[in-house]
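Visitor: Please give me a close look at one part of this model. Start with the terms I need, then walk me through it.

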Amino acid sequence: MTADQIVTVLVLAAVIAGLIWDKVRADVVALAGAAVLLITGVVRPSEVQGAFASPALIALASLFVIVYAIELSGLLDRLIALAVVLCRRIGALGMWITIGLCGAASGFLNNTPIVVLSAPIIRDSAQTLGLNPKRFLMPLSYISILGGCCTLIGTSTNLLVADMARVAGQPSFGLFEITPVGLSIAAVGAVYLLLVSGRLDRSSTAEPPRADVTVQPDMAGAQVGSPELFAPHVELQPRRAVLAVGVFVAVIAAAASGVAPIAAAAFTGAVLLILLRVISADDAYRGLRPEILMLIAGMVVLGIAMEESGLAAAATEALVDTARPLGPLFALAIFYGTTLLLTELLSNATVAVLFAPIAVALAESLGVSPRPFLVAVMMAASAAFATPFGYQTNVLVYQMGRYSYMDFVRVGLPLNFLTWGVGLAAIVQFFPF
């Protein structure tokens with residue numbers, strides 16, 4: 001191993017250990033790791049700058065502003081009241097219905113804004129009913145991820161893999177071509193979450209109702225910042241609510257239709273809300289949630305270090321050498337599992353970029369269709385369940401729900417193995433070699 005690879009492995013191990021230790025804020029741990037990589041020269045300042053100015057961070061920050069504007073309009077409070085009425089009539093079933101609707105919407109819309117908008121409703125409805133929000137927030141994130149795997153436009157990862165496959169000379173993917181595989185995984189995953197959500201309920205006592213929560217911006221531990229991502233109760237202001245929701249819908253429509261990337265559309269929407277005086281500039285800055293943005297940026301730097309140091313390339317070369325003699329089925333199983341593993345360490349877009357070309361090369365070396373291997377990348381690259389940092393929606397509920405790192409390991413790691421097995425079986429069934 002080179003010096004850069006050794007430093008990267010040590011920093012990665014230290015960051016994971018710090019997050020599991022859970023005594024230092026998670027954003028500080030991630031940024032400390034990024035600082036070590038920068039000072040040792042593993043990553044260059046321009047690469048760190050790129051991580052902090054990535055489209056994902058711009059999109060997320062802008063969506064925070066838009067959703068904060070919706071909250072300040074009083075609309076979320078009204079939606080929470082309606083959700084509570086539903087849940088009082090049918091109990092926890094109402095929470096699961098809401099989560100299921102979010103998963104269905106994620107098949108056609110970006111799941112990050114869906115979770116940004118629905119998470120506070122789920123949390124506050126649970127608190128009002130005396131239920132533990134932990135029981136529902138993590139399943140909300142996971143089911144939104146699973147829902148995004150059901151169509152080609154459900155996640156940017158699927159589109160990225162499809163585009164790289166087209167460049168490699170493969171036929172274009174249809175909008176619903178991967179739906180049978182995605183639905184199979186999502187259905188089994190949903191049943192699993194229904195059965196194990198009680199573990200999260202027992203992991204700690206339920207949070208106090210919203211009105212009684214004391215805001216602690218400098219709370220120690222990995223649960224960074226205040227648990228209250230949104231403002232105190234406000235009365236409904238129809239004009240602001242209509243404009244904020246209209247901008248939100250326009251942003252999602254523009255991104256879903258390909259008129260503009262989600263980062264550009266969301267940024268434009270956030271600025272437009274300020275110009276329309278739906279939200280003040282000061283309130284917009286307060287809604288940015290910098291502790292979450294910095295946490296994601298720090299983890300992106302770690303992913304860049306793995307690429308730049310050659311660790312990712314070495315791993316993929318070893319994969320090809322190992323899988324080629326085993327035959328198509330075993331090769332696909334190893335390929336799927338390796339993609340799952342690296343998705344927990346790198347961003348899903350990074351994994352898609354790395355593994356889509358390997359999928360085509362490996363299939364061609366085995367003399368089989370690349371389709372099963374490409375679908376495996378689509379499914380596995382988004383299946384980040386075992387850590388809070390593999391997917392943006394996990395980070396959102398990690399903060400809001402005050403989960404520990406090990407909560408995600410206990411619930412998410414078995415889900416990774418479950419989706420691995422179901423996904424492999426479904427791919428072989430619907431995409432013959």
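Guide: Buried means under 20% relative accessible area, exposed means over 50%, and partly exposed lies in between (1.4 Å probe, protein chains only). Helices (H or I, at least four residues) and strands (E, at least two) are DSSP runs, numbered from the N terminus. Now take helix H8. Of its 15 residues, 14 are buried, so H8 is largely enclosed by the rest of the structure.

A word on the model. It is predicted: local features need pLDDT of at least 70, side-chain atom pairs count only at pLDDT 80 or more, and totals for chains, interfaces and linings use all residues. Residues are numbered from 1 along each chain as its sequence is written, and side-chain values use heavy atoms, with hydrogens and water left out.

Back to H8. This helix covers residues 134-148. From first C-alpha to last, H8 reaches 22 Å, close to the 21 Å expected at 1.5 Å a residue. That expected span is 1.5 Å times one less than the number of residues.

Next, look at Ser382. Ser382 sits in helix H18, which runs over residues 371-382. Its relative accessibility is 1%, so Ser382 counts as buried. What does Ser382 touch, leaving out residues up to four places away in sequence? The contacts (heavy atoms within 4.5 Å) are Ile145, Cys149, Thr155, Thr157, Asn348 and Tyr391.

Now the charged side chains. Side chains of opposite charge can pair when their charged atoms come close. A salt bridge is a side-chain nitrogen of Lys or Arg within 4 Å of a carboxyl oxygen of Asp or Glu. The whole structure holds 6 salt bridges.

One of them joins Arg410 and Asp407, at 2.5 Å from N to O. Both belong to helix H20 (residues 405-430), and they are 3 residues apart, so about one helical turn separates them. Arg410 is partly exposed at 45%. Asp407, at 3%, counts as buried. Salt bridges with shared partners link Lys134, Asp407 and Arg410 into one network.

Another bridge pairs Asp283 with Arg286, and their closest N and O atoms are 2.3 Å apart. These two are 3 residues apart in helix H13 (residues 281-286), so about one helical turn lies between them.

Arg44 also bridges to Glu47, with the closest N and O atoms 2.7 Å apart. Arg44 is partly exposed at 47% relative accessibility. Glu47 is at 12%, so Glu47 counts as buried.
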